[in-house]
Amino acid sequence: MFRDSGEPKEAASGQAAASGQPLEAWVRGHLPFVKRYWLAVLLQLALIAALIAVHGYTLATGRPVLLKTAPIDPWDPFRGQYLSLAYEISRLEQGKVPMEGLPYRHGQQVWVTLRQGDTYWNAVAVATSRPGNKEVAAGDVVLGGRVQWAYPVTPAPQPAIQSSPQPAQPLQPEIMRVFIRYGIEQFYVPEGEGQKIERNRQVQLVVEAVVDSRGRAVLRRVFADGKELRWR
Amino acid sequence: MANGTAGGTVGGKPPSIRNRFRRGAGPPREEAEDWVALGLITPAQRDAILALYPTAAEGRRDRAVLIFSILGSILVAAGVILYFAANWPLLPAWAKVTAIFSAILLTYWGGFRLGYSPGAYPVLGKSLVFLGALFYGAGIWLVAQIFHLQSNFPSGFLLWGLGILPVAWVVSSAPILYAATVCLTIWMFSELPAVSLLNYLYPVLLLGVVMPLARRLRAALAEVLVVVGFFLWFAASAGRLLEIGGPREMATGGLVVFAPLAMLYGVLLWAGGAAEWGPQRVYLGVGAAFTLVGCYALSFNYPAPVSQLLGGGAGAAGGAATSSSSLSALPPLLRGTPFLTAGVILILAGTAAATRLAWKRGRWGRGAGGWSVMAVSVLVPVVAALTAHLWGTIPRAVVFNLLLFAGTVGLITVGVQRRAEAILNLGLLSFAIHAITRYTDLFFRAIDRALFFILGGLLLLGGGWLIERSRRRLTKEWEEGGESSYVP
């Protein structure tokens, strides 16, 4: 189809072979320029296809979970507008949810076990290593995330129940508050739509995510007051 | 006779001269006439030599077309990214993915036809290939948008860099190599807090893939990016292990770790330049810059209580405490010290090896002079790092201000003596930054704010005029007298 005449001068000058790069010399010897060129382009397409395939695998094999959210509305110049979603399972506190392997550090991988409540799924445990199948109750889902930040807080004092004077209570031990990201925090919307949703602060957003067997989650649908957000 | 002499002369030219000819910056037309007059080559040989190189006008025109085409490609890519990002939610996902793949394929096809086969418009073709590399990167982010992948998407930069490296290799494109190196460096910084151990893939890619390609393409800027990127990776990794995160830890870490490390690395690069590890202008220039930046960081009079580093833990990135793994449970200094020590030993060993090689090749001055300069240059940052907590802030600031001044004067002197414009410019830049910083330090609080700015502005204008006048005079003299390349 094409003449193999367009090889760049630098590449054709045989410097690769002369500079002691046997692999490069071998590739040049066995693959003409036209094939090398289109293989490099195909590699790029394959990488993008792999990105899509991983997403498709999770959607096809994962289990759906419903999560409660609270949106804010930033703008990402790379990708237009999106709703930035934080979930109830994003901000967790030691004591309310059992946490193994504390304290956590920024960027650390953690595994959160989710259990279905009446409607939404809630976090029931956090661990630094992925729980095995035997450690997870039937029906539970394990979701992978990364610690965004973690810091100790002092719990609010309990209100006094009796009117009689009480001896001074010892200071309560600090507990860890952890914010975790799961990779499902952005939902892309047409320009301007995000601001409309953000202006209506009464709206209750619910996300349907899908979690695969490796703990990877993808966003499937977002509902605003029970109605799916769609623009087509 | 003429043949043999000419062949020997050309073979013995230093690399910088060969590079200048290759870039079309100065084809040896006049020199070739002299060579004919001297009987070194025949008129036919002169014509054959000149036919190898573009004329200066051709070289300038080609570069201008390439630069404008690449700028045009960047604008087109930015426009396409923004247009699709803002307007395409109404399309179904399969149509979007088809559009992305089609755009990439069509752009590369156009680049191939115009640039290589049949190649009627090579400069435009190269620009289209560059545009294809940009479209590929845009495609990654658009796919992330279609499927609502997270915006904090460091793997996107890794995929972008890895995907365009083979194209840079196949079409020998320096701009695509620069783009790949920048993508990989952004990925390294983005992934820094997320990887469980240190990111060892980045230095492997830099030294194993980018560096050889930069050498083959003679892409000096890519080599600069590699040596700078490698240091950034090393310093960032050490900083992460030592948990140098908060402002106090950064200030202390700057004095105890980063500034001495930058100076040592700079000395390694000088020695590498003298030993001809690569393009001398890259290694000597970047090495001098690293050394001066290290001196500059130590020239401020802020205190350095090392206990802030020894205490560790509280300054972890993002306010997080240490993790519970056995490695992370160690105090930060214990975790970071082996890595740091190994790095410093490697830097010192590399410096010694390069110095020895340079000395053997007669590039470092045979005798005690070169060795003394090298020994002092190595000792200064080591002593600074080891004794940072003992020095008073004022003595340390005074000593490193003097060293910074001496280094700047030394660079300017070397630049003038060797007629090396890049070294001279670096020295003048260092002088200007040093002067502005100290002016700000000394007078910002001492005099009225309005007077401070007026005086500062006048000093800048006057100093800039003086520096530019001197620089122009020198470079004009060199052009009239014939520029020589910088060889230490």
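Student: How many helices and how many strands does the secondary structure of chain A come to? After that, leaving aside its neighbours within four places in sequence, which residues is B:Tyr108 in contact with?

Tutor: The model is a predicted one, and its chain A comes to 5 helices and 12 strands. Chain B, by contrast, comes to 19 helices and 0 strands. Of the 232 residues in chain A, 45% are buried, and of the 488 residues in chain B, 45% are buried. Among contacts in chain A between residues at least 6 apart in sequence, 68% join residues at least 24 apart; in chain B, residues 24 or more positions apart account for 69% of the contacts with a separation of 6 or more.

Now to the residue you asked about. B:Tyr108 sits in helix α6 of chain B, which runs over residues 93–115. With a relative accessible area of 0%, B:Tyr108 is buried, the cut-off for that word being under 20%. Once its neighbours within four places in sequence are set aside, its partners come from both chains: A:Tyr37, A:Trp38, A:Val41 and A:Gln44 on one hand, and B:Val129, B:Gly132, B:Ala133 and B:Val167 on the other.

B:Pro118 lies in the loop between α6 and α7 of chain B, and the peptide bond that joins B:Ser117 to B:Pro118 is cis, with omega near 5°.

Helix α7 (residues 122–146) of chain B packs with helix α8 (residues 154–171) of chain B at an angle of about 160°, and their axes are 9 Å apart. Because an angle over 145 degrees counts as roughly antiparallel, α7(B) is roughly antiparallel to α8(B). The contact is made on the α7(B) side by B:Val129, B:Ala133, B:Leu134, B:Tyr136, B:Gly137, B:Ile140 and B:Trp141, and on the α8(B) side by B:Gly156, B:Phe157, B:Leu159, B:Trp160, B:Gly163, B:Ile164, B:Val167 and B:Val171. By class, this contact of α7(B) with α8(B) has 12 nonpolar, 3 polar and no charged residues. As for the handedness, α7(B) passes α8(B) in a right-handed crossing.

The crossing in which α10(B) passes α11(B) is left-handed. Among the residues of α10(B) that meet α11(B) are B:Tyr202, B:Leu206, B:Val210 and B:Arg215, and their counterparts in α11(B) include B:Glu223, B:Val226, B:Phe230 and B:Trp233. Here the classes come to 11 nonpolar, 1 polar and 2 charged residues for the contact of α10(B) with α11(B). In the loop between α10 and α11 of chain B lies B:Arg218, which has a positive phi of about 55° although it is not a glycine; at 39% relative accessibility, B:Arg218 counts as partly exposed.

A third pair has another orientation. The axes of α13 (residues 280–298) and α18 (residues 421–443) of chain B come within 11 Å and cross at roughly 15°, which makes α13(B) roughly parallel to α18(B). That crossing of α13(B) and α18(B) is right-handed. B:Gly285, B:Ala288, B:Ala289, B:Leu292 and B:Tyr296 in α13(B) meet B:Leu426, B:Ser430, B:Ile433 and B:Thr437 in α18(B), so that by class the contact of α13(B) with α18(B) has 6 nonpolar, 3 polar and no charged residues.

Two cysteines of chain B complete the account. B:Cys183 is buried at a relative accessible area of 5%, and B:Cys295 is buried at 6%. With a disulfide taken as a pair of cysteine sulfur atoms within 2.5 Å, the count over all chains comes to 0 disulfides.

Definitions and conventions. Residues are numbered from 1 along each chain as its sequence is written. Chains are lettered from A and ligands numbered from 1 in the order in which they are written. This is a predicted model: local features need pLDDT of at least 70, side-chain atom pairs count only at pLDDT 80 or more; totals for chains, interfaces and linings use all residues. Side-chain values use heavy atoms; hydrogens and water are left out. Axes are lines fitted to C-alpha atoms, for helices over the stretch in contact, and angles run from 0 to 180 degrees between N-to-C directions. Helices (H or I, at least four residues) and strands (E, at least two) are DSSP runs, numbered from the N terminus. Angles under 35 degrees count as roughly parallel, over 145 as roughly antiparallel, 65 to 115 as roughly perpendicular and the rest as oblique. A crossing is left-handed if the near helix is turned anticlockwise from the far one by less than a right angle, and right-handed if clockwise. Contact means heavy atoms within 4.5 Å. Buried means under 20% relative accessible area, exposed over 50%, partly exposed in between (1.4 Å probe, protein chains only).
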